[in-house]
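Open your viewer and get your selection tool ready. We will walk from one selection to the next and say what is there at each stop.

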Amino acid sequence: MDSPLFTAASDFDMGRKMEWAGRSSHLGGIPRKLVFIAVGAFAKVVDTLLNSTSVHNAETLIRLVHSRPPGVPLITVSNHMSTLDDPLMWGFKEFPSADAKLARWVLAAEDICFKNVVLTYFFRLGKCIPIRRGAGIYQEHMNEALDRLSDGAWLHTFPEGKVSQEDKPIRRLKWGTASLIERAPVTPIVLPIVHHGFEKVMPEKSFFGRRPPFPLCNKDIKIVVGEPIDFDLPKLRQMAMSVSRDMSFRSSGWPMTSPHGLDEPAQRWLYTTISDRIRAIMEHLRCLAIQF
């Protein structure tokens with residue numbers, strides 16, 4: 001009989017890659033707990049012992065991670081400054097980074113984190129969901145992310161879509177996060193976070209034109225947690241349907257209607273509106289991070 005790992009290897013590019021490894025029931029949850037204990041300890045060492053980390057409004061993040069209304073999911077969004085943003089974002093002193101049950105799910109680049117069976121198994125244990133760049137907001141693993149939101153879980157996304165280490169304004173956001181907010185069965189709490197300093201801890205081209213083999217030390221890390229963003233989705237959907245009647249564009253072949261009856265022009269308007277609001281708030285937090 002084929003083992004689950006062998007079956008996953010033979011069907012590596014089919015369906016949801018090794019989704020079973022990300023379940024809390026996999027081997028009694030022991031592999032997942034071990035991964036979060038190890039990775040959480042690593043993040044604590046980098047953030048608190050090797051570098052100086054300050055966090056503004058940490059209590060809001062910790063409160064929402066520990067306690068939300070039953071069944072209400074949490075989406076955190078942040079800028080993306082290095083390949084180690086996650087898990088280092090959760091390594092500051094007060095955060096329960098080793099608690100696998102409380103830990104976030106996170107959208108992770110398939111071409112980096114899921115290149116082979118071993119990496120896929122490890123990142124699945126770490127509650128990572130693979131996302132294929134350029135495959136659009138209706139790819140299969142976005143449905144998996146929606147499933148986790150339906151469970152009332154915490155999901156983290158990097159809506160800029162890729163790492164940028166330049167000290168510049170927040171770039172235009174991809175629509176994936178906005179689509180999850182709109183399509184989730186229960187409207188999630190959306191919490192913006194902006195950080196500064198991880199690009200110095202793991203610079204892209206400091207070691208012979210490559211990333212250093214280990215995180216660098218004696219850097220200042222600043223994390224600014226915002227306040228939850230409130231979206232009146234019923235009102236926004238009505239506006240989207242009204243505005244979209246006059247829109248003209250080239251269709252991308254999206255589903256004709258969303259779960260709330262929105263055609264493609266309405267979805268585009270709504271996703272743009274949600275993304276622009278998140279981006280404006282993240283840019284405000286970025287300026288605060290620089291000041292701090």
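One definition before we start: a residue is buried under 20% relative accessible area, exposed over 50% and partly exposed in between, using a 1.4 Å probe and protein chains only. This is a predicted model, in which local features need pLDDT of at least 70 and side-chain atom pairs count only at pLDDT 80 or more, while totals for chains, interfaces and linings use all residues. Residues are numbered from 1 along each chain as its sequence is written, and side-chain values use heavy atoms, with hydrogens and water left out.

**Stop 1: Trp20 and Tyr121**

Select Trp20, which is partly exposed at a relative accessible area of 22%. Tyr121 is partly exposed too, at 22% relative accessibility. Show both rings: rings of Phe, Tyr and Trp (its six-membered ring) pair if their centres lie within 6.5 Å, and their planes count as stacked under 30 degrees apart, edge-to-face over 60 and tilted for the rest. By this rule there are seven aromatic pairs. Trp20 and Tyr121 make a tilted one, because their centres are 6.0 Å apart and their planes meet at 40°. The pair joins distant parts of the chain, 101 residues apart: Trp20 is in the loop between α1 (4-10) and α2 (30-50), and Tyr121 is in helix α6 (residues 117-125). The helix and strand names come from DSSP runs, numbered from the N terminus, with H or I of at least four residues for helices and E of at least two for strands.

**Stop 2: Ser24**

Stay in the loop between α1 and α2 and pick Ser24. Is Ser24 buried or exposed? Ser24 is exposed, with a relative accessible area of 51%. Counting contacts as heavy atoms within 4.5 Å, Ser24 touches Gly29 and Arg32, leaving aside residues up to four places away in sequence. Now draw a C-alpha to C-alpha distance from Ser24 to Lys127: they are 103 residues apart in sequence and 9.4 Å apart in space.

**Stop 3: Phe123 and the cysteines**

Go back to helix α6 and select Phe123. Phe123 is partly exposed, at 22% relative accessibility. Beyond residues up to four places away in sequence, Phe123 touches Cys113, Phe114 and Cys128. Cys128 is buried, at 6% relative accessibility.

How many disulfides does the structure hold? It holds zero, a disulfide being a pair of cysteine sulfur atoms within 2.5 Å. The closest cysteine sulfur to that of Cys128 is in Cys113, 6.0 Å away and therefore too far for a bond. Select Cys217 as well: it is partly exposed, with a relative accessible area of 36%.

**Stop 4: the annotated span**

Colour residues 74-198, where an unreviewed UniProt entry places the feature "domain: Phospholipid/glycerol acyltransferase". UniProt positions use the numbering used here, feature names are shortened, and annotations may be inferred rather than shown by experiment. The span is 30% helix and 21% strand, and its end C-alpha atoms lie 23 Å apart.

**Stop 5: a ring cluster**

Next, select Trp90, Phe92, Phe95 and Trp154, which ring pairs link into a cluster. Phe95 and Trp154 are both buried.

For a charge over a ring, look for NZ of Lys or CZ of Arg within 6 Å of the ring centre and within 35 degrees of the ring normal. Arg148 lies over the face of Trp105, 5.5 Å from the ring centre.

**Stop 6: the cores**

A nonpolar core is a set of buried Ala, Val, Leu, Ile, Met, Phe, Trp, Tyr and Cys residues joined through side-chain atoms within 4.5 Å. The largest has 39 residues, and those with the most contacts inside it are Leu107, Leu155, Leu180, Ile181, Phe231, Ile274 and Ile278. At least two residues each come from several elements, among them β2 (74-78), β4 (128-131), α7 (140-150) and α11 (264-291). With nine residues, α11 gives the most to this core.

Centre on Phe231, which touches Ile181, Val190, Leu236, Ile274, Arg277 and Ile278, not counting residues up to four places away in sequence. A second, separate core of 31 residues includes Val72, Cys128, Val201 and Met202. Back at Phe231, the charged end of Arg277 sits over the ring, 5.2 Å from its centre.

Finish on helix α8 (residues 176-183), where eight of its eight residues are buried. Leu180 and Ile181 are among them.
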